[in-house]
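Work through the exercises below with the model open. Try each task before reading its solution.

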Amino acid sequence: ADVAADAELQRFFGTWRSLFPARAPHRPAARVETLAQLCRFLAYFTWRCSALHEQTGHVADVLIAFDLANFSVTDAPLTDLPALQPTKAARLLGQHAQALTSKHAPSLYQKDPRAISRFWLERTDPAIAVRLQESLWAFHEELHAWKMSRGLNTGAMSIPLLDPLDVKIAVTV
């Protein structure tokens, strides 16, 4: 299919651009003309969403445990405990968000680059997957060495920097 002639795809990019303020320095293009541009966007979007999702962690868990207070803003006096509790609707909203964001997702790093290619467009150059996996592994080794030199925990999901091997593909965001 011709990317430039795909009306649904062009409408998506027009809508995507409209979500950014006009003065945004890196506002996306309103159209995508080539398969290469589309592949570049999908690679960027997969990485960006995956990394952000992994860094923010269990969004709904935090929402329910901490930010649920935002669901129950009230003028009730502090002595009226039942009035300070979130509504059933607010609790359901939080649980819905948790269900959407807590599903298992595949790791972005795959030992076999062909395994990651199944998430991309059919005609995407396989060399992109190879380069991505090589880059993730090189960054993992560099980060591991840095953590070791400082006596930091190198286990899964250890801070202060998240290992790229821990990053999941954000299929639910």
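Predicted model: local features only at pLDDT ≥ 70, side-chain atom pairs only at ≥ 80, totals over all residues.

**Exercise 1. Count the helices and strands, and give their order.**

Solution. The chain holds seven helices and zero strands. Read from the N terminus, the order is α-α-α-α-α-α-α. Helices (H or I, at least four residues) and strands (E, at least two) are DSSP runs, numbered from the N terminus.

Residues are numbered from 1 along each chain as its sequence is written, and side-chain values use heavy atoms, with hydrogens and water left out.

**Exercise 2. Describe burial, surface and contact range for the chain.**

Solution. Start with burial: 26% of the 173 residues count as buried. Buried means under 20% relative accessible area, with exposed over 50% and partly exposed in between (1.4 Å probe, protein chains only). Next, the accessible surface is about 12000 Å², and carbon and sulfur atoms account for 61% of that surface. Areas come from the Shrake-Rupley method with a 1.4 Å probe; for residues, only the protein chains shown count as cover. Last, take contacts (heavy atoms within 4.5 Å). Of those between residues at least 6 apart in sequence, 54% join residues at least 24 apart.

**Exercise 3. List the largest nonpolar core, then examine L136 and V167.**

Solution. A nonpolar core is a set of buried Ala, Val, Leu, Ile, Met, Phe, Trp, Tyr and Cys residues joined through side-chain atoms within 4.5 Å. The largest has nine members: L108, Y109, I116, W120, A129, L136, L162, V167 and I169. Another core, of seven residues, lies apart from it and includes L9, W16, V32 and L38.

Now L136. Neighbours within four places in sequence set aside, L136 contacts W47, L108, Y109 and P164.

Then V167. V167 sits in the segment after α7 (126–149). Its relative accessible area is 5%, so V167 is buried. V167 and Y109 are 58 residues apart in sequence, yet their C-alpha atoms are 7.5 Å apart.

**Exercise 4. Find the largest cavity and classify its lining.**

Solution. On a 1 Å grid over the protein atoms alone, a cavity is a set of points where a 1.4 Å probe fits but cannot get out; lining residues have an atom within 4 Å of a point. The largest holds about 50 Å³. Its lining is C39, L42, A43, W120, L121, T124 and I128. Helix α2 (residues 35–56) gives the most, three residues. By class, the lining has six nonpolar residues, one polar and no charged. Ala, Val, Leu, Ile, Met, Phe, Trp, Tyr, Cys and Pro count as nonpolar, Asp, Glu, Lys and Arg as charged, and the others, Gly among them, as polar.

Conventions:
1 Å grid on protein atoms, 1.4 Å probe; cavity = no way out; pocket = protein on both sides within 12 Å on 5 of 7 lines; lining within 4 Å. Points joined across faces, edges and corners; volume = space filled by probe spheres on them.
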